[in-house]
Amino acid sequence: MSEKGPLVSVIMNCYNGEKYLREAIDSVYAQTYTNWEIIFWDNSSTDKSAEIAKSYDKKIKYFRSRENTCLGRARRQATKEAKGDYLAFLDSDDLWLDRKLEKQTDLLLNNDIAVVYGKSNIIYEDESKKEVLAYGGKLYSGMVFKELVCNNFIVFSSAIVDRRKFIECGGFP
């Protein structure tokens with residue numbers, strides 16, 4: 001697929017994530033939708049995370065926090081650096097299936113919606129157990145605000161949001 005369509009900024013926060021980091025980054029590079037950038041926010045890692053992130057091409061925009069901060073603050077800082085029309089989130093120990101951005105971007109482009117999310121596969125470190133997760137056991141659709149207020153059922157790394165609407169709502173508190 002050519003680099004057509006809206007730019008997706010993939011927000012990747014990392015603190016000492018070298019163990020799974022290359023796999024996480026590679027899952028973005030494997031996407032069938034290719035118009036993306038990675039906003040890599042290094043939260044003052046002391047391992048080889050920086051070296052790994054910098055070993056890729058210019059599609060990764062590397063930023064380093066001066067000090068280790070809470071994840072919420074790190075995510076706020078990273079989203080400020082994003083240039084994309086959409087924001088997607090991938091932590092350094094998570095993976096995406098190769099058509100995630102293609103499918104979700106298509107939904108955002110063809111519907112008046114703010115966020116798209118889906119089920120997630122949970123893979124345990126010893127790989128002896130795998131499960132499909134939808135927080136609360138159900139994938140809600142449509143106007144889900146009422147359900148979301150009662151139960152946060154969105155697996156964060158499954159979400160992609162319209163950046164303009166994200167900013168209109170105030171972004172991360």
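Arg75 is buried, with a relative accessible area of 13%. The residue sits in helix 3, which spans residues 71-81, of a predicted model. The protein has six helices and eight strands, and 43% of its 173 residues count as buried.

**Arg75 and its surroundings**

- Neighbours within four places in sequence aside, Arg75 is in contact with Asn13, Asp91, Phe156 and Phe172.
- Arg75 counts as buried because its relative accessible area of 13% falls under the 20% cut-off.

**Overall layout**

- Along the sequence, the elements follow the pattern β-α-β-α-β-α-β-α-β-β-β-α-β-α.
- Of the contacts between residues at least 6 apart in sequence, 70% join residues at least 24 apart.
- The accessible surface of the protein is about 10200 Å², and carbon and sulfur atoms account for 52% of this surface.

- An open sheet is formed by six strands in the order 3-2-1-4-8-5, with mixed pairing.
- Its edges are strand 3 (60-64) and strand 5, each of which pairs on one side only.
- Strand 4 and strand 8 run antiparallel and are joined by three bridges.
- Ala88 has Ile160, in strand 8, as its bridge partner.
- Strands of a sheet pair through backbone hydrogen bonds, in either a parallel or an antiparallel way.

**Nonpolar cores**

- The largest nonpolar core has 24 residues, and Val8, Ile38 and Phe40 have the most contacts inside it.
- At least two residues of this core come from each of strand 1 (8-14), helix 1 (18-29), strand 2 (36-42), helix 2 (49-54), strand 4 (86-89) and helix 4 (100-109).
- Another core, of ten residues, lies apart from the largest one; Ala78, Ala82, Phe89 and Phe166 are among its members.
- Beyond its neighbours within four places in sequence, Phe40 is in contact with Met12, Cys14, Leu21, Ile25, Ser49, Ala53, Ile60, Lys61, Tyr62 and Phe63.
- In soluble globular proteins, nonpolar side chains tend to be buried together.

**Helix 4**

- The buried residues in helix 4 are Lys100, Leu101, Gln104, Thr105 and Leu108.
- Viewed down the axis of helix 4, these buried residues fall within an arc of 105°, so they line one face of the helix.
- Residues three or four places apart in an α-helix point the same way, because there are 3.6 residues a turn.
- Strand 1, strand 2, strand 4, strand 5 and strand 8 (160-162) are the elements against which the buried residues of helix 4 pack.

**Cysteines**

- The structure holds zero disulfides.
- A disulfide is a covalent bond between the sulfur atoms of two cysteines.
- Cys14 is buried, at a relative accessible area of 2%, whereas Cys150 counts as exposed, at 68% relative accessibility.
- Cys14 is also one of the residues in contact with Phe40.

**Lys119**

- Lys119 lies in the loop that runs between strand 5 (115-116) and strand 6 (120-123).
- The relative accessibility of Lys119 is 53%, so the residue counts as exposed, the cut-off being over 50%.
- Lys119 and Ser157 are 38 residues apart in sequence, and their C-alpha atoms are 9.8 Å apart in space.

Methods: Residues numbered from 1 in each chain as written. Predicted model: local features only at pLDDT ≥ 70, side-chain atom pairs only at ≥ 80, totals over all residues. Heavy atoms only, no water. Core = buried A, V, L, I, M, F, W, Y, C linked by side-chain atoms within 4.5 Å. Buried < 20%, exposed > 50% of the residue type's maximum accessible area, 1.4 Å probe, protein only. Helix = DSSP H or I, 4+ residues; strand = E, 2+ residues; numbered from the N terminus. Contact = heavy atoms within 4.5 Å. Disulfide = S-S within 2.5 Å. Arc of directions from axis to C-beta. Areas by Shrake-Rupley, 256 points an atom, 1.4 Å probe, with all protein chains shown as cover. Pairing = 2+ DSSP bridges.
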